[in-house]
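Here is a brisk look at a few side chains and ring pairs. Start with the structure itself.

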Amino acid sequence: MRVQRRGWRTGLAVVLAVGGAVALPAVAEAAPHQARSDFNGDGYADLAVAAPDGTVGGRAKAGFVGVLYGSASGLKSVTKQVFSQNTAGIPGGSEAGDRFGSALTTADLDRDGYTDLVVGVGGENSGSGLVQVVWGGPRGLSGGATLASGAASDGLGAKGRLAAADVDGDGATDLLTVVNQHDLVATGGPFTRSGSATGERQVVKDRYDSRVLDLDVGDLNGDGITDVVAAENGTDTFDSRRIAYWWGTKDGLTPWTLVYDIDGAALQGGENLAVGDVNRDGYADIVVGRTVEGYDSDTDTYLAKGGRVTWIPGTSGAPDGVAAQFVNQDSPGVPGTAEKGDGFGTDVQLADVDGDGYLDVVTGVPGEDLGPATAPNSVKDAGAVVVLSGRADGLTGVGSHQVVTQDSPGVPGAGEKGDAFGGAVHVGDANGDGLADVAVGAPGENAGSGAVWSFRSRAQYVVSPGGLPIPATILGPDGTLTFGHTLLGTAATKARLGSDFAN
């Protein structure tokens, strides 16, 4: 995809010209699994953003995490916090290469009613890895504990290998980690303030030793117990991408299972995923982003050019790989054109952005070039973010979609070479209006210092040529906040702020 600079509009302009704005119609009950990260329990989603390559106390790649809190007016910069292993109350000390913030997730681990921030420290002890927690409370995040330590080269807490959910239905949140890159570990909660687990520990082996690239959780079969899903790299070829899952049961996780395609083979997946009920049928679906392209596993059917997003519906049985939908930037209704290296699907997150009751897919396109390919001022790898609207029939690519770049009207800054805007995305209702706001990381901004943009979502409906109201996904420039190291007071050089968010 190549986006024209200043003044570019989505295909919605045609609809607006024919019809115009209409009153917001009544919508269905809000979709489940609305993303939240409310650390202080005030009802507003907070934002935690990682800079695992950040320098702390003069130690390169020690890593840190910045936090901004939500409010009725959106994210508040005046209450920002920064956490590292040099922060009082967090065990250990910042060392070169620790990469505090290599992975992030959120959960109420100690059952006190406040969401906690769970942090991977993937480089700790020469790559053995560590998982730590910063405790939530009425005044926000403070204090911490170590939850798990890795053995030699485990890479515990590395990017994509950290999640939390109640996978045995006992009401306590369990910690999900990966050891040896492929074995899933469920450590039973609740956790004490010392970091000790009160439940049992289960290790589920991957019989093919596939390498886990990303984890997420959701109830795939509607039985009331959360299941675990992984995007994996198979062992047969470099580009082999599998989607594995483990059923949650009262007896713990079941053995590893693959999602299969119409030919009975392992469905080609991607590098990252999100789980949620996109079509609102009561079963969580799997949404997978894939950026690896140009290999034998790519076909015209799978639409891998420039990256793709795959939607796999959940059912009362197993995830239905036969009914999977593949979407890229050449799909009908999706803004732009698929081009090699775009990275469409680099990060995928699910939330109701437009207020129609369906979960939308927010995905990064950090390899996006701005301007015509032949223009002398074309900006390479400036990056973009695309919002794909969820529907009862999944992600058909037809309907209300939007693309946002640093060159979109009203967006602070300007797209520059290598910014990688969309390298990570976050969804959460920061102002409590019922719509998920979108935060975007640009880890390449300012020569690798990194920066973050937070967009306030607005529900707007337009009339189609046939007279039907269509929800228009709008990320409005009004209320947009951008910040970086000046606000956080952190060391900027090569920090790559915006590499990951706690969703």
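Ser102 is in contact (heavy atoms within 4.5 Å) with Pro52, Gly120, Val121, Gly122, Gly157, Ala158, Lys159 and Asp500, leaving aside neighbours within four places in sequence. This is a predicted model: local features need pLDDT of at least 70, side-chain atom pairs count only at pLDDT 80 or more, and totals for chains, interfaces and linings use all residues. Residues are numbered from 1 along each chain as its sequence is written, and side-chain values use heavy atoms, with hydrogens and water left out.

Ser102 is found in strand 6; strands (E, at least two residues) are DSSP runs, numbered from the N terminus. Ser102 counts as buried, at 4% relative accessibility. Buried means under 20% relative accessible area, exposed over 50%, partly exposed in between (1.4 Å probe, protein chains only). The side chain of Ser102 reaches the backbone nitrogen of Gly122 at 2.8 Å. A polar atom of that side chain also lies 2.7 Å from the backbone oxygen of Gly157.

The structure holds 3 aromatic pairs. Rings of Phe, Tyr and Trp (its six-membered ring) pair if their centres lie within 6.5 Å; planes under 30 degrees apart count as stacked, over 60 as edge-to-face and the rest as tilted. Two of the pairs are tabulated.

| Pair | Centre to centre | Angle between planes | Type |
|---|---|---|---|
| Tyr208 and Trp256 | 5.3 Å | 75 degrees | edge-to-face |
| Phe421 and Trp453 | 5.4 Å | 80 degrees | edge-to-face |

Tyr208 and Trp256 are 48 residues apart. Tyr208 is partly exposed at 42%, whereas Trp256 is buried at 3%. Phe421 and Trp453 are both buried.

Notes: Helix = DSSP H or I, 4+ residues; strand = E, 2+ residues; numbered from the N terminus. Polar contact = N/O pair within 3.5 Å; in protein donor to acceptor, adjacent residues only side chain to side chain.
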